[in-house]
Each structure stands twice: as structure tokens, then as C-alpha cells.
Amino acid sequence: EHGACPVISGEKWGANVWIWNYKRPPMKSKKNPRSISFSFNNKRAGPVDLSYAAGDGQADTFFSTIEPDTQYSVTTYAGHNWHIRETGQDAVLHAFTIPPKKDGITQLDIE
């Protein structure tokens, strides 16, 4: 059943439709002030895989394959750990911990 009227037979579909008769108010950003926009720049000849490393015995979470001479940006937080591997390999090329925002470091060149 749906909140308004019971379904007697078949299925019931519902959707919200917002209609504005004047200029829509601006959307408010809910960005966390502690978040950091960080870029990983692949300067290597081949592609690399970027993964978030949660630690505590948990498997890494794959984020993206970064092609050569390409940048990949993430929203992350100070203290988060990231692993970079050659695509298709298990060995970690770089293990990187995001520094505090106050340090002003916003990118890593993968060489």
C-alpha cells in the first residue's frame, strides 16, 4: 500500500513534480568544510589504478584507472590512505596519506 490510497489491484506508481511559478531558489551546498579536493596526476608511461585503503584488514576500494598524462580528482579527508598500483598488478607502487588541509597540498604526481 501507499500512504494515500490503497492498491486494490495491479501496481501503484508515484512521483514528485515540482512546479515553480517564479525563479527557482538556489540550491544550498552541503559540502563538508573538512573535505579536501585532491588530484592524482599520472606522470608514468602506463596506466595506474587508484584505490582507497581503509586499513584494519579490509580490502582496498577501487576508484579509477588513471591513464598516462591524466588527472583524477577525489573529495577526501586528511588522514585517508590511498594506494596506487600498476594496472593489473597487486604490488603497491605508492601508499599515500592525505595531509591536513592546512598544509595546502592538493595533488600528487605519480612518477
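**View 1. Ile98 sits in the loop between strand S6 (92–97) and strand S7 (107–110).** This is a predicted model, where local features need pLDDT of at least 70 and side-chain atom pairs count only at pLDDT 80 or more, while totals for chains, interfaces and linings use all residues. Residues are numbered from 1 along each chain as its sequence is written, and side-chain values use heavy atoms, leaving out hydrogens and water. Strands are DSSP runs (E, at least two residues), numbered from the N terminus. Is Ile98 buried or exposed? Ile98 counts as buried because its relative accessibility is 2% (buried is under 20% relative accessible area, exposed over 50%, partly exposed in between, with a 1.4 Å probe and protein chains only). Look for Tyr77 too: 21 residues separate it from Ile98 in sequence, yet their C-alpha atoms are 6.7 Å apart.

**View 2. Phe38 and Phe96 form a tilted aromatic pair.** Their ring centres are 5.4 Å apart, with 35 degrees between the planes. Rings of Phe, Tyr and Trp (its six-membered ring) pair if their centres lie within 6.5 Å; planes under 30 degrees apart are stacked, over 60 edge-to-face, and the rest tilted. Phe38 lies in strand S1 (residues 36–42) and Phe96 in strand S6, 58 residues apart. Both Phe38 and Phe96 are buried.

**View 3. Phe63 and Trp82 make an edge-to-face pair.** The pair is edge-to-face because the planes are at 80 degrees, with the centres 4.9 Å apart. Phe63 is partly exposed, at 37% relative accessible area, whereas Trp82 is buried at 2%.

Technical notes: Helices (H or I, at least four residues) and strands (E, at least two) are DSSP runs, numbered from the N terminus.
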